[in-house]
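Reader: I'm new to this and would like to learn how to read a structure. Could you walk me through one?

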2 protein chains.
Amino acid sequence: MTEFIPPATLFHALPSPFAIKRGGALHGARIAYETWGTLNAARDNAILILTGLSPSAHAASHAGNPEPGWWEAMIGPGKPIDTDRWFVICGNTIGSCKGSTGPASPRPASMQGTTGELYRLTFPELSIEDIANSAHALVHGLGIEQLACVIGCSMGGMSALAYAALHPRSARAQINISGAAQSLPFSIAIRSLQREAIRLDPKWSEGAYTDASYPENGMRMARKLGVITYRSSLEWSGRFGRVRLDGDHRDDDSPFGLEFQVESYLEGHARRFVRQFDPNCYLYLSRSMDWFDLSEYGDGDADAALCGIALDKALVIGVETDILFPLQQQQQLADGLRAGGADVSFAPLPSPQGHDAFLVDIARFGPVVGDFLAKLQ
Amino acid sequence: MTEFIPPATLFHALPSPFAIKRGGALHGARIAYETWGTLNAARDNAILILTGLSPSAHAASHAGNPEPGWWEAMIGPGKPIDTDRWFVICGNTIGSCKGSTGPASPRPASMQGTTGELYRLTFPELSIEDIANSAHALVHGLGIEQLACVIGCSMGGMSALAYAALHPRSARAQINISGAAQSLPFSIAIRSLQREAIRLDPKWSEGAYTDASYPENGMRMARKLGVITYRSSLEWSGRFGRVRLDGDHRDDDSPFGLEFQVESYLEGHARRFVRQFDPNCYLYLSRSMDWFDLSEYGDGDADAALCGIALDKALVIGVETDILFPLQQQQQLADGLRAGGADVSFAPLPSPQGHDAFLVDIARFGPVVGDFLAKLQ
């Protein structure tokens, strides 16, 4: 299978066995990560970034890999996450396919019938809590007792909450961006449909696909539906309107082929993604979001669970046009963390780019994140 | 192929040839319709209902077919569309599969190579304007010079605008419900993905499927995506929350099978739909909505086109939670029709059920429609 590991990625061996929340354990598992800046002598200037579903650990360029990262404009000397001051760590989530152990990784020798066999659907059912615990093991392994801040975006916002709930006082502050305390049925429905598109593709083959016989169509559908729900109607009305493709860019003469710019945009996004992310990993990580429910840590009450999280300071950012993790969910986080005693800033941003705004609307996100970190002790 | 024609449906032969906007013509085509109430001697009490994509002409029960119709609570004696006063006509749109001529209909003898062959993808490219023109031919055929009111819901709201633009003074009033002057890129993207799901299903076979080899999976995906965008996150959070199915209702032990109530709800909707609507008809009607752009009647300006529509009165209804035809689009209709001289009422309703609210939130829609019609001359 294709490897998706950026050059100069570092690896940390997880404790073995590494217990998995819903049952079972990983043996000989690892987490891929990258760092920027320098850990100070007091080891108290570290920031951990927890990512959304698909990014690698390569959040920004560095000497070992000058390629721009997925959050290039946010991380670096003098940037909002200022690496002149902070030691920044970004891990690839376990369950992913970009260096950390996941369904696309070889199974350990103890499990294997055949040498080199991949986990595929024998990977244990993955939870957001497993992602949080593995990231905590990485931070601990780097000799850091307490982080200055955890920053979680999208799925990473869920991971950041799990990190704080499971490891009290493991960080002094948290920046939670377009996150949620639990998945709502609308987002579960969207993800369920994305998974169904992959599973219905005959080439998915119950997870036993190969590079030569690969569920491209299922992945394309899943990605297009993702992109539709990551952005917003408002943005697209301004960006594409009803503009048609010129004749050279239409794919065929069928009345059902690509005709509008927005259709071509989706197709381009999908084509770039389908071979860059492993379909089984996608299924596992997608389902982990459906299952996440912080109320498990508050006797069934998410507000109580938030109130039980101890932080000095928190910044919660949401986007008014986000249909996947709507603004009420970030309002809930801000209110709940404040009730728990944290000094909370809530920033509802009017970005038109919906759930994806943190990746592209740096003009709005940069100052909010930068100001918060600049004032952090 | 399965027939989807309700009992006691009436048929009206369209002029032959019936010219099609994007080229070509239909020969020997017909439109299926039903009526309620009695046309008065002055022939001035007729109301035409133009439907969304999938309904049949059976909007309500009547002596010939006591089965409840798709708008049963709205149409009947003493109901908001009061058949003691009004003569109500509902047509099945051409291009559909519920009695009117469409891609699932037999081709006329003049076109056929083989007797009994269906149009399938040889059906001409269908526009909303063709739907409007065929409905106008039906009304004219019933001996009605001017309608008291045209009521259009969803796609029917587009058809109602086309009807008014193409046939000036053909109706004194219009009720436009969750309609739009043109499709925005977000709704085009959703529909494009629905069509792609059908076209990617190997059993679609470029439109040459049979009952035995039928694109069930593609239709299921298309329908689920439809239902997701027809309702709202708000409704589902209240209705389903994070409730799980009990063990008896889970479809399998896979971590990716149906687990949450919302997933089962979508599956139920999809199963009821896939064999009740013809896939090729779905493709044609879906694309006709993407193409619709009232600005063609205003030198490229939709507002100018609306201003050119002559009505005595109009009621425009939109729903705050509608993500497919968002409220700004109905605001545009109200403003534009008012600028054209109509006495316009605009009713933005807070229904939680999104685009589908007119079908289910009768408590809100009934009084608004009923009051408007009661005051109509």
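Reader: Which domains does the assignment give for chain A?

Author: Domain bounds here come from an automatic or database domain assignment. For chain A that gives domain 1 (10-183 + 294-374) and domain 2 (188-283). Keep in mind that this is a predicted model, where local features need pLDDT of at least 70, side-chain atom pairs count only at pLDDT 80 or more, and totals for chains, interfaces and linings use all residues. Residues are numbered from 1 along each chain as its sequence is written, while chains are lettered from A and ligands numbered from 1 in the order in which they are written.

Reader: How many residues of domain 1 of chain A are in contact with domain 2 of chain A?

Author: Two residues are in contact if their C-beta atoms, placed from the backbone, lie within 7 Å. By that rule, 18 residues of domain 1 of chain A touch 16 residues of domain 2 of chain A. The C-alpha centres of these two domains are 26 Å apart.

Reader: And how are chain A and chain B related?

Author: Two copies of a chain are related by a rotation about an axis and a shift along it. Here, a 180° rotation with 0.0 Å of shift along its axis puts chain B on chain A, with RMSD 0.0 Å (least squares on the C-alpha atoms of residues with pLDDT of at least 70 in both). So the two copies are related as by a two-fold rotation axis.

Reader: Where do they meet, through the same surface or different ones?

Author: The same surface, because 100% of the interface residues of chain B are also interface residues in chain A. In numbers, 38 residues of chain B contact 38 residues of chain A.
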